[in-house]
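I opened this notebook to record what I looked up in one protein model. The entries follow the order in which I consulted it.

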Amino acid sequence: MGINESILVLGANGAGKTTFLRQIKDENQKLKQKWDGAYVTTMYSAERHWAMWPAGPRPRRASTYFEKALGVVWVVDSANTASVEQSANLLQATLGDAALSSTVPLLILANKQDVEGALTPQDVAKKLGIDVHHMERPCWVQGTQNTRARGLSPSLSWILSATEQPPGWMASLWEAWTEDGMLCPARQPSPT
């Protein structure tokens, strides 16, 4: 069976990837797991096919998932500094994978914002090494509380919209901040 074009849901273990998928599915959808060198959890929604696997061993066909990726949702436990550091290493390795196009939109969910001491979305972006002024891909960083679906609606809207756009669609946008998230534009024009 082939691998569908998917939005990949990735991040360190315990960050909230499964909770994210459970929150966005409706009662008629099921999360399905299959073994491919690692358990890959998939879900089909009216909008998209979603695929997720745990940190650590990657599926045997990870490169094929990356080649067919429409977008990446990176979930971070913003209340756990050690997890954020681990997540930064995993994210850089994932974004550096030759099979993943540099134009694939990236949604970062700074999850667990309800926990006292959680890093802000802006601080999570810094710790992950996301430089909002030099991104080569469309990127959105959103504070979330996946267990209560807080912050998921704008996140979902953004990733679904971003995966339908042609490459470079955000190239002329300037940095925009909101209360819970931040938009990281693709390379910005140099000032004249």
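**Entry 1: Leucine 70**

I began with the contacts of leucine 70 (contact means heavy atoms within 4.5 Å): setting aside neighbours within four places in sequence, leucine 70 touches Glu5, Ser6, Ile7, Arg48, Val104, Pro105 and Thr163. Leucine 70 belongs to strand S5. I also noted that leucine 70 and asparagine 4 are 66 residues apart in sequence and 9.9 Å apart in space, C-alpha to C-alpha.

**Entry 2: Basis of the values**

I recorded that this is a predicted model, in which local features need pLDDT of at least 70 and side-chain atom pairs count only at pLDDT 80 or more, while totals for chains, interfaces and linings use all residues. Residues are numbered from 1 along each chain as its sequence is written, and side-chain values use heavy atoms, with hydrogens and water left out.

**Entry 3: The whole chain**

I found 5 helices and 9 strands in the protein chain (DSSP runs numbered from the N terminus, helices being H or I of at least four residues and strands E of at least two). From the N terminus on, the order is β-α-β-β-β-α-β-α-β-α-β-α-β-β. Of the 192 residues, 49% are buried (buried means under 20% relative accessible area, exposed over 50%, partly exposed in between, with a 1.4 Å probe and protein chains only). Among contacts between residues at least 6 apart in sequence, 67% join residues at least 24 apart.

**Entry 4: Strand S1**

Is S1 enclosed or open to the outside? I noted that S1 is largely enclosed by the rest of the structure, because 6 of its 6 residues are buried. In a regular strand the side chains alternate between the two faces of the sheet. On one side of S1 lie Ser6, Leu8 and Leu10, and on the other Ile7, Val9 and Gly11, all of them buried.

I then looked up the partners of S1 (two strands pair if DSSP finds at least two bridges between them). S1 runs parallel to S5, joined by 6 bridges, and isoleucine 7 stands opposite glycine 71 in S5. S1 also runs parallel to strand S4 (residues 49–52), joined by 3 bridges; here leucine 8 stands opposite alanine 51.

**Entry 5: Nonpolar cores**

Which residues have the most contacts inside the largest nonpolar core? I found Leu106, Ile108 and Ile130, in a core of 30 residues (a nonpolar core is a set of buried Ala, Val, Leu, Ile, Met, Phe, Trp, Tyr and Cys residues joined through side-chain atoms within 4.5 Å). At least two residues of this core come from each of S1 (6–11), H2 (62–67), S5 (69–77), H3, S6, H4 and S7. Another core, of 19 residues, lies apart from it and includes Val9, Ala15, Val75 and Leu152.

**Entry 6: Serine 87**

Serine 87 lies in helix H3 (residues 81–95) and is buried, with a relative accessible area of 0%. Not counting residues up to four places away in sequence, serine 87 touches Ala12, Trp74, Val75, Val76 and Leu128.

**Entry 7: Two positive phi values**

Most residues other than glycine have a negative phi. I noted lysine 112, whose phi is positive at about 70° although it is not a glycine. Lysine 112 sits in the loop between strand S6 (106–111) and helix H4 (121–128) and is partly exposed, at a relative accessible area of 25%. Alanine 149 has a positive phi near 65°. Alanine 149 lies in the loop between strand S7 (139–143) and helix H5 (152–162), and is partly exposed at 32% relative accessible area.
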